Amino acid sequence: MADSARVDIAVAGAGHTAFTAALALALALPQRRIALLCGAPPEGGSDPRVTALSASSREIFSQLEVWPELAARSEPIKDICVSERRAPVRTRLGPAAGMMPFGHVIENRDLAACLRDAVTRVANIECLPAAAGVPHFRAEGCAVPVAGGELETRLLVIADGADSRLREHLGIALDARDYAVSALLATVVLAGPHRGLAHEHFTRDGPLALLPLPARAGRERAALVWVLPPDRAGDLVAAAPGRGLAALRAALPSGAVAPVEMSPAAAVPLRRILAAEQVRSRVVVVGNAAHSLHPVAGQGFNLT
């Protein structure tokens, strides 16, 4: 880019909320110039993270005209079974006649690819390098340092995630609570069809979710999100492949389709964060940069 450029709105971030915000703003304000400060796409690699798209997310993406692509890469949640260790009673939440799916589960890499493709098709969005320093505010807007120069914008939307550098640069205070647990993430291959059934099972250590994924190469798959004490999660990440699978089988409720393979797992520490400010002059903080919750809250895709 040139040493200095000017846009109406700059959205800072390379995640799903940033891309969605840029799409929504560009389509609502077709005469305005929107800059997406996202940098280059990440290199390929294994990523066990998935996103649950709720019914409200489906409506938003339909309005943004990207839902057909997302639906083709996601798996609907047709039913949910809620159970608890040693409890004889289980709750099934559906399906009811004519009922839409509770939501859809999509792998993060597929969600990112769809949203990046959608952004490139919108004429008034320009993808630029990520923000690289402290914004400077002036009467008519703010200047955001980026590689190769500086971007002038009338409004800055901060959507760079829970560990937001821009939020920190601007001195926005954060109320953070460490849950003292980690989420063990992996993809599993199932012995039989999941039929769109999601499991939410409360184990001795923490809640375990098994979420349906699209089949790949004819093999039924599911996403695992298992909340565990950090030491236990770390042990399972470092364990031999068969050990993690055995631990999962022992924790699952009876009736769940047995997992027969498990990808290398990752452990993500969980915490709650709440920014003290979401709006100030020329700045809006959104998504996980503004607030994030424990995944058992069913937050799914944080679009607010």
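A residue counts as buried when its relative accessible area is under 20%, as exposed when that value is over 50%, and as partly exposed in between, using a 1.4 Å probe and protein chains only. The model is a predicted one, where local features need pLDDT of at least 70 and side-chain atom pairs count only at pLDDT 80 or more, while totals for chains, interfaces and linings use all residues. Residues are numbered from 1 along each chain as its sequence is written, and side-chain values use heavy atoms, with hydrogens and water left out.

Helices (H or I, at least four residues) and strands (E, at least two) are DSSP runs, numbered from the N terminus. In a regular strand the side chains alternate between the two faces of the sheet. Here S2 is covered on both faces: Ile34 and Leu36 are buried on one side, and Ala35 and Leu37 are buried on the other. S2 also has a partner, strand S8 (residues 125-128), which it pairs with in the parallel sense over four bridges; pairing here requires that DSSP finds at least two bridges between two strands. Within that pair, Leu36 stands opposite Cys127 of S8.

Next comes helix H1, residues 16-28. Its 13 residues reach 18 Å from the first C-alpha to the last, close to the 18 Å expected at 1.5 Å a residue, where the expected span is 1.5 Å times one less than the number of residues.

Now for a sheet. Three strands form an open sheet in the order S3-S7-S4, with antiparallel pairing. From one strand to the next, the twist averages 30°. S3 and strand S7 (residues 103-107) pair in the antiparallel sense over five bridges, and Ala52 has Val105 in S7 as its bridge partner. Helix H2 (residues 55-63) lies across S3 and S7, running at about 85° to S3. For such angles, axes are lines fitted to C-alpha atoms, for helices over the stretch in contact (heavy atoms within 4.5 Å), and the angles run from 0 to 180 degrees between N-to-C directions.

Salt bridges come next. A salt bridge is a side-chain nitrogen of Lys or Arg within 4 Å of a carboxyl oxygen of Asp or Glu, and by this rule the count comes to 18. One of them joins Arg32 to Asp8, with the closest N and O atoms 3.8 Å apart. Arg32 sits in the loop between H1 and strand S2 (34-37) and Asp8 in strand S1 (residues 4-12), so the pair ties together parts that are 24 residues apart in sequence. Arg32 is partly exposed at 37%, whereas Asp8 is buried at 17%.

Another salt bridge links Asp79 and Arg92, whose closest N and O atoms are 2.7 Å apart. Asp79 belongs to strand S5 (residues 79-84) and Arg92 to strand S6 (residues 91-92), so parts 13 residues apart in sequence are tied together. Asp79 is buried, at 6%, but Arg92 is exposed, at 53%. Glu261 and Arg219 also meet through their side chains, at 2.4 Å from N to O. Glu261 is in strand S16 (residues 259-262) and Arg219 in strand S15 (residues 219-228), so this pair ties together parts 42 residues apart in sequence. Both residues are partly exposed: Glu261 has a relative accessible area of 36% and Arg219 one of 35%. Elsewhere, salt bridges that share partners join Glu107, Arg109, Arg216 and Arg221 into one network.

What about disulfides? A disulfide is a pair of cysteine sulfur atoms within 2.5 Å, and by this rule the count is zero. Cys114 is in none, since the nearest cysteine sulfur, that of Cys127, is 15 Å away. Cys114 is buried, at 7% relative accessibility. Cys142 is in no disulfide either, and the nearest cysteine sulfur, that of Cys38, is 17 Å away. At 0% relative accessibility, Cys142 is buried too.

Finally, Ala290 is found in the loop between strand S19 (283-285) and strand S20 (291-292). Ala290 is buried, with a relative accessible area of 0%. Not counting residues up to four places away in sequence, Ala290 touches Ile273, Leu274, Ala275, Gln278 and Val285. Ala290 and Ala276 are 14 residues apart in sequence and 8.3 Å apart in space, C-alpha to C-alpha.
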